[in-house]
Amino acid sequence: MFKHFLLPVDGSPLSDSTFQKVITFAQETDARMTVLHCGSHAFPVGAPAPIKDRLAQDAQHHADRYLKGVVRKASAAGIKCETAYVNSDRIVKVIMATAEERGCDLILIAPHGRWGVQPHTIESLRESILSVSDISLVVV
């Protein structure tokens, strides 16, 4: 059975709802989880470095606050939970790399959200997984 889930989140209501479902599943299967907050923050074209730095710091601060809440909820449910934050527009690669680095055996994703797990993204992720690993993918 699966023992280490990866759940990419974006802070959207759908993502939060999926997190609650995964908590229940983790309790039922005695699994642990890694929650990956995927950010995709484009910087204004021609923005000076201090502006870009400030935007990156704000995104990191928001992700840290959000992920602390995730860990608090998981811990309250008795689930061991690690977190990660990555700011990238290459969501599929980030998800795959995180799953492999963290030793996850199951990726659980919401069907869509703010950063948009659209059908083509799901298929791209599924193809990546099948071609390089034993990790399973489930759309929750």
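**Reading the model, feature by feature**

Mentor: Let's start with the surface: the protein chain exposes about 7700 Å², and carbon and sulfur atoms supply 54% of that. Keep in mind that this is a predicted model.

Trainee: Okay, and what share of the 140 residues is buried?

Mentor: Buried residues come to 41% of the protein chain.

Trainee: How many helices and strands does the chain have, and what pattern do they follow along the sequence?

Mentor: There are four helices and five strands. Going along the sequence, you read β-α-β-α-β-α-β-α-β. For contacts, take pairs of residues at least 6 apart in sequence: 77% of those contacts join residues at least 24 apart.

Trainee: Which residues of α2 are buried, and what do they pack against?

Mentor: The buried ones are A59, A63, Y66, L67, G69, V70 and A74. They pack against β1, α1, β2 (32–39) and β3 (81–87).

Trainee: What about aromatic pairs: how many does a search of the whole structure find?

Mentor: The search turns up one. To classify a pair, look at the ring planes: under 30 degrees apart counts as stacked. Here the rings of F5 and F25 have centres 5.0 Å apart and planes at 5 degrees, so the pair is stacked.

Trainee: Where in the chain do F5 and F25 sit?

Mentor: F5 is in strand β1 (residues 4–9) and F25 is in helix α1 (residues 13–29), 20 residues apart, so the pair links distant parts of the chain.

Trainee: Can we try one more residue, V94? Which helix holds it, and what is it in contact with beyond its sequence neighbours?

Mentor: V94 belongs to helix α3 (residues 91–102). With 12% relative accessibility, V94 counts as buried. Setting aside neighbours within four places in sequence, V94 is in contact with L36, V86 and S88. Take L36: V94 and L36 are 58 residues apart in sequence, yet 9.1 Å apart in space, C-alpha to C-alpha.

Conventions: Residues numbered from 1 in each chain as written. Predicted model: local features only at pLDDT ≥ 70, side-chain atom pairs only at ≥ 80, totals over all residues. Heavy atoms only, no water. Phe/Tyr/Trp six-rings, centres within 6.5 Å; stacked < 30°, edge-to-face > 60°. Helix = DSSP H or I, 4+ residues; strand = E, 2+ residues; numbered from the N terminus. Buried < 20%, exposed > 50% of the residue type's maximum accessible area, 1.4 Å probe, protein only. Contact = heavy atoms within 4.5 Å. Areas by Shrake-Rupley, 256 points an atom, 1.4 Å probe, with all protein chains shown as cover.
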